[in-house]
Amino acid sequence: MATKEDGSDPVSEGSWQLDHPAEDQTNKIILRNVGELTVPGIRRLCNVYGTVVDAFKTNKPGLAFVEFSCEAEAIYAVKQLNMKLGFNFNADLAMEKETLPVVSSTAANDKAPPTAISEESWEQASIKRRFNMGFSLPLLFNVPAQLSLATSGNYRAAEGCLRRTDPELFFRIYKVQELFETPKALEYDPKELQERVDTLQKAAPNEQNQFDGECFTFRGLNEEERERFDIAYCVVCKGFGFNHCKDCGTSYCSVTHQREHFREHKSICRHEGSPGEDTDVEGKVAASEAAPRDVLTRDPLPTKVNVFITAILTPDRIYVRSAEADANEEYVKTLGEFANVGVNAVPVVNSQQPAVGDIYLALYEPLGVYGRVLVAEVGPDTSKCVFIDHGMVTYVSNDALRMINDRELKYRKVLVYKVCLTDITDEQGEREKAVQYLISLKHRPLLMNYRLEANNIVDVQLQTPEGESVNEKINKLIKILPLNNIRNDLYVMYKDIPQSEPIVGENKQIMILNRTTILLDSRVTWIPMDDLPYLKNLQSMLECYGKKVAEFQQSYLPREGEMCLVQCLKRWYRGVCYETAGDGKPAIFLCDFGSMTLVDLTNIRKIPTQLATKVVRTHDGTVAHLGEAKAGGLTFDAMFLDIYLPENEPVAVDIAQTTTMKGLPDAQEKETNIILNVHDGDPTHQSKPFRSTPVQQAPPNTMTELDTKYNIIDEKPPFNAPLKGQYKQGFGFYTMRERLPIILTQVIDQLSKDKEQIAENFGGETAREELKGAIGEISKLKYELQTDKDFRPIRTAIGDETVWNSFIEGLGQDNSYFSACWLYAETYMYRRLNNIFENTTTLQKLDYFQQQKHKALTNSYDAMVAVLRSIETFNGEPKTADEIGSFFRKLLKLNLWGNRCDLSISAGQDVKQDGDPFSLLDSLETCIVSDHTLAIWQCITAGPASGIVEIINDNSGYELFTDLCLADFIVHHKLAPKVCFNVKAIPWYISDVTPKDMHWTLDTLSAHDTQPLLAQFGARLKRHFEAGTFEMRPVDNFWTSPYEFYRMRDIAPALYDTLSQAKLLVFKGDLNYRKLLGDFNFPYSTPFVDALRGFQPTNLCTLRTVKADLICGLPEGMADELTRKDASWMVTGEYGVIQFAAKCPL
């Protein structure tokens, strides 16, 4: 009997709870670098992470405290604020100051009482210590949209082709269950199976019959044995006979040949029926021909019938067929006919494109034979199809579809029935086990009772031959019952959980789930994109079970390493107890997300074995090159990580495994490490060759949080409207969302790396401090760009602030990065970037793109020498006018392809021109989709050679070199007396030419000490400038304004008048082309002259490689043909245009 002690009641096991004093919640956080924010601003900043109880700033500049309603909200705010792009809040949990006990000196004989440390102080110190280990919260991941196998949406299509073929909606399917585990074969006792095999072989010994462990293999018949079998042949085609006349046994290869032979056969058939019977056969044929044509039909089922399962859609939706003898024979015969016809059937694509609602043949993989399919949806490469004689839905390659020429065979009656099982739970439990159970019943006859409702088979009850209810069994398999006794001895350790093997290879798509340890050892937690649906399904099961046990009843403290169920931020996760510190808040490792967090015991539950033993499909991986980059001084802040190692979006990587031996010499163990080589966007990644233009990935047809927040439209930019960043399927969106943030990040990285050199060159300590402030301003600019903020005015600058600010005011509501015209938004970003340095006292002349531009020239010396050698050879001998014209046109094309080297398109990555460019011109001829070089030649040679040629330059580096070659050729052959260059006033679009770039190029070429051709060319160019045959025009701010060229007459009349005096204007590059068209998405066949909208001050031409999704002047249909070949042809830089417009007559 239990005894009472001190008047207290004994505590039973069922009512036992862990009792500990109430804890001081760490609800307060500290923020730094918030000097520019007001207290209301800080409240608005933090309100999105929880309920703000209090917020205040301290006397110390830039420091603030924010108090939340609970600890979980405070932790969440710390993580999110530290990940916020463009800011350096350095958020942390605010701990109470610890007061050290006063220690007084005592004599040796004095015994000072020990200083007691309160439990509250110990817990605070413990929490602070443990949070330094890199705790984090699980990622709320997004699963990309997947191809749906449901066909219900296809039946609602406006054209109704599918509904016409299937008017009874036999194959309208609302959902198909996803399977994440490989179906397991039926398991037999190997010993019992071997005993049965031995008994069989003794009873009927035959050396040619052998058991290989899974099935019997027959090795062949001898001649004597073969004679015992009759082989029938078709009387029509002499092929093997699979069908026969039931009266006389005459064989046929198919029903088709049996029908062809019917009239001849009935006169010789041994069956002595009356003529009426023959007439009856013909009557049946006539009746069948009178039935509805080209539609699927089906006979009704008896109310109570034995059935076989043919396909499982979900645990409560399946397809069945009758198991009665006659029906079974007919079904097998039908499958055989389709299998036979499919062998010699021709592919559909040989004669036509697959069409929705049509019926073809496709390989039914479970049986390895051809079967009928109904096409529900047609795609460019694959089509969604339903196997008519099975009910299975799948995607079939268009090339694998085969024609059915026999109409009667094509529309043979349907023998399968979609049924709805009754009383099946909708719980998100072990639904996959229920599907596997139904698969195991596929070849067993099941008794089916049902009710017919509007031609639908509903309220279905299935029963096995042993009398077991299939419906009840399904429910038992799906439901996961709460554990009644959490103190039993059953538990699962994390070390015993199966772990999936990582995918290894090149170009794999993964999602990064956690990067908390990236600074520690370059590791991230990741999962293959293909496994995200599995993780989503697992989380749904955990949420479903978590609701059942949400009410706290008694505390459960798991063992270290034991699996448990934990609640974090109102969601349930699988956890592993990592450490128990005695404070009622064990450290829990969320194994499916790679996160470590502290969890109160009231949020921990014992986990059922079914959930605990699910496979872990996440992995740890080391990001290659990060260690070396960090040692080289690269800063890994939140902004860097969001650009190069983003969470919650697909990342392309190469995955490799390395094995090392760890431990003592006599007790070493293998340790496998996963290495992730991140693709494009990784500044440290050296193994990938440079692409001149990043290929735009096809965006998913789903609305994301960014789409909704910033009014993103998941469509292509419409015609006859300005291009905007808000059109998700346009290159403008890709630029605003990806390219420009990367460019700003690279500027920050370059300035941080070179800060000491910059400070030395531009003013010492003052420059150092101003550079630090400029980096902060660039971070803010990047944040404004990524969060679609309104355009801010340009501050005091180089004299164009009035033009810019009046332009911004005139935009009205469309004055943000994604809502404004793409041209306006992109030029504004580059203008704002330079405005940051204009408002310093020491850095006004700093060119932050200088290094990339210099490399674009020095990396291309070999190609430049090859070009000069060809030009010198041509100029070395007298030439006819036709020969000069032909070479001039070649130079125009050389100049066109020089525009490929565009640093703004490559997001600042180094570019170079390799090989001999002249030798490549012939191979690139077909890539010029609009070629007006002949018209340009005729223009420049028409009339006296007295007019000036004006070149509106684009990129420096190799492209500027080709501009100078063209200009040198023009004056050498006296095609014009003078060539003028129009360059930009400020660093622009990374690689655009400034006066400083022009002078540096001339000096670099003329001083080249290893290539005489380059030195001679540089010296000749300088002589042209000295003699006045070359001139660099005074910089005009219109070239760096947001305005389109058709507004030049009104905005910059002096510049317009100067250009009007020229004989020919040569507009170089993509940006100039966009300004000529005003970033207006004209239909692609619009004539070039019409797209200029009246801007024809004189004869003009444009040389542009296509790097944005707008173009004009193409022949009708060419754009569609190019799109069929390559959907991204307008943004790769692989195609070019050379277009000309004559001066508009007055």
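A residue counts as buried here when its relative accessible area is under 20%, as exposed when that area is over 50%, and as partly exposed in between. The legends below apply these words to a predicted model.

**Figure 1. The protein chain as a whole.** This predicted model shows a protein chain with 38 helices and 34 strands. Of its 1146 residues, 49% count as buried. Among the contacts in the protein chain with a separation of 6 or more, 70% are accounted for by residues 24 or more positions apart.

Figure 2. E562 is placed in the loop that runs between helix 16 (532-548) and strand 20 (563-568). Because the relative accessibility of E562 is 1%, this residue counts as buried, the limit for that word being under 20%. The side chain of E562 makes a polar contact with the side chain of Y556, at 2.3 Å. When residues up to four places away in sequence are not counted, E562 touches Y491, V492 and M493, then Y556, then G575, V576 and C577, and also K606.

**Figure 3. Helix 28 packed with helix 31.** Helix 28 (residues 881-898) and helix 31 (residues 958-972) have axes 8 Å apart and pack at an angle of about 165°. Helix 28 is therefore roughly antiparallel to helix 31, since angles over 145 degrees count as such. The crossing of these two helices, helix 28 and helix 31, is left-handed. On the side of helix 28, the contact is made by I884, F887, F888, L891, L892, L894, N895 and G898, while helix 31 contributes Y958, E959, T962, D963, C965, L966, F969 and I970. Sorted by class, the contact of helix 28 with helix 31 has 11 nonpolar, 3 polar and 2 charged residues.

**Figure 4. Helix 25 crossing helix 36.** The axes of helix 25 (residues 822-838) and helix 36 (residues 1069-1077) cross at roughly 135° and come within 11 Å. At that angle, helix 25 is oblique to helix 36. The crossing of helix 25 and helix 36 is left-handed. The contact is made by W822, L823 and E826 of helix 25, together with L1071, R1074 and K1075 of helix 36. Divided by class, the residues in the contact of helix 25 with helix 36 are 3 nonpolar, no polar and 3 charged.

**Figure 5. Buried residues of helix 13 and what covers them.** In helix 13 (residues 431-440), the residues R431, E432, A434, V435, Y437 and L438 are buried. The elements that cover these buried residues of helix 13 include strand 9 (304-314), strand 10 (317-322) and helix 14 (470-478).

Figure 6. Most residues other than glycine have a negative phi. D459, a residue other than glycine, has a positive phi near 50°, and its place is in strand 17 (residues 456-463). With a relative accessible area of 36%, D459 is partly exposed. H625, likewise a residue other than glycine, has a positive phi near 75°. H625 belongs to the loop between strand 25 (619-623) and helix 18 (626-631), and with a relative accessible area of 25% H625 is partly exposed.

Figure 7. R43 is a residue of helix 1 (residues 39-47), where its relative accessible area of 28% makes R43 partly exposed. Although R43 and A55 are 12 residues apart along the chain, their C-alpha atoms are separated by 6.5 Å. Neighbours within four places in sequence being left aside, R43 is in contact with A55 and also with V52, V53 and D54.

**Figure 8. V1089 in helix 37.** V1089 lies in helix 37 (residues 1088-1091), and its relative accessible area of 36% makes V1089 partly exposed. V1089 and G1113 are 24 residues apart in sequence, and in space the distance from C-alpha to C-alpha is 8.5 Å. The residues that V1089 touches, not counting those up to four places away in sequence, are Q1096 and A1141.

Definitions and conventions:
Residues numbered from 1 in each chain as written. Predicted model: local features only at pLDDT ≥ 70, side-chain atom pairs only at ≥ 80, totals over all residues. Heavy atoms only, no water. Axes fitted to C-alpha atoms, helices over the stretch in contact; angles between N-to-C directions. Helix = DSSP H or I, 4+ residues; strand = E, 2+ residues; numbered from the N terminus. Parallel < 35°, antiparallel > 145°, perpendicular 65-115°, else oblique. Left-handed = near helix turned anticlockwise from the far one by under 90°. Contact = heavy atoms within 4.5 Å. Nonpolar A, V, L, I, M, F, W, Y, C, P; charged D, E, K, R; others polar. Buried < 20%, exposed > 50% of the residue type's maximum accessible area, 1.4 Å probe, protein only. Polar contact = N/O pair within 3.5 Å; in protein donor to acceptor, adjacent residues only side chain to side chain.
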